Amino acid sequence: MMFSSSPSQSIGSGFASNEVMNMVRVGWAQGAVPYRRAKDESLIRIPVVKQWAELMMQFRSSGASPRAMYPVLDLGCGSGFPLAGYISNTLEERKYATAIYKGIDLSDEMIQLAREEYPAMAESFEVCEMLDYCKAQPTHSICGAIAVSSIYHLPRSQHVELFGQLFRILKRGAPLLFTVPHGSDEGCSEDFLGEGIKMYWSHFSPLWYEITLQELGYELLTKFKEDKAGWESTAWMATYMAGVLKVSNMIWVIFSRLALGLRGASVRRTGCSS
């Protein structure tokens, strides 16, 4: 539900980053309550989500110093439900006192809902933009990351940088799970959640993410297509493991940024009035 906040940055397809930021923030301010009302616990029953959690636990049991405290990062956490409780309960059951849940979201309204939903974890939720947050974290300081229904609200011209930053802050071997729709698109809808809310979307195809993350140094572990009625039928989930950064990975980042800056004809913008 977030993206990098430089007010003068152009993101392509005629959108300015401040325009997008306002659209996403206002959209989630209006949609926070109906979105939470529509959610259930089905997400944490999806096998790939369970596998991500198990990989995180295996990583913690064989990983870093037991005296160090490492966050499990939920990017675009929304109201926190159901992932915050699921992750925290799993960590507690496994007695991993050195790993803590951390949820961030651009929306003040969503973070307020999260703090009300999980009052004992209120300090675990923070209003912050995802890319800015990742940039501010120390290298190899995160023991797992998950981003469900959030990355595609970040301008796709910033996706390479986001995954590069995640690669930097994830401890080697730590798992990353994220979702994106099928297809490649950028634009906005005028009736998000069926509530007459304007919302921005920006994403590449799943194949683009497979190729790009591999070049960045990630290892693809599993992928899954969610099959539900409505737009969610396009959801694609993938679990990656952070590997070793090589010189060729940095060349790929530079090339990708240049390509994104020079694209244009390949981008399809959906209708969206200003």
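In the predicted model, H203 belongs to strand β7, which spans residues 197–203; helices (H or I, at least four residues) and strands (E, at least two) are DSSP runs, numbered from the N terminus. The residue numbers run from 1 along each chain as its sequence is written, local features need pLDDT of at least 70, side-chain atom pairs count only at pLDDT 80 or more, totals for chains, interfaces and linings use all residues, and side-chain values use heavy atoms, with hydrogens and water left out. H203 has a relative accessible area of 6% and is therefore buried, where buried means under 20% relative accessible area, exposed over 50%, and partly exposed in between (1.4 Å probe, protein chains only). The side chain of H203 reaches the backbone oxygen of G183 at 3.1 Å. When neighbours within four places in sequence are left aside, the residues in contact with H203 are Y152, R156, H159, P181, H182, G183, S184, D185 and Y209, contact being defined as heavy atoms within 4.5 Å.

The cysteines were considered next. The structure holds 0 disulfides, a disulfide being a pair of cysteine sulfur atoms within 2.5 Å. C128 takes part in no disulfide, and the nearest cysteine sulfur, which belongs to C134, is 8.7 Å away. C128 counts as buried because its relative accessibility is 18%, and C77, with a relative accessible area of 6%, is likewise buried.

Several backbone features fall in loops. The peptide bond from F81 to P82 is cis, with omega near 0°, and P82 is found in the loop that lies between β1 (70–75) and α3 (83–93). S149, a residue other than glycine, has a positive phi, near 55°; S149 is placed in the loop between β4 (144–147) and α6 (159–169), and its relative accessibility of 15% means that it counts as buried. A positive phi of about 65° is also found at L193, although this residue is not a glycine. L193 is situated in the loop between β6 (185–192) and β7, the strand that holds H203, and with a relative accessible area of 32% L193 is partly exposed, whereas S149 is buried.

Methods. Polar contact = N/O pair within 3.5 Å; in protein donor to acceptor, adjacent residues only side chain to side chain.
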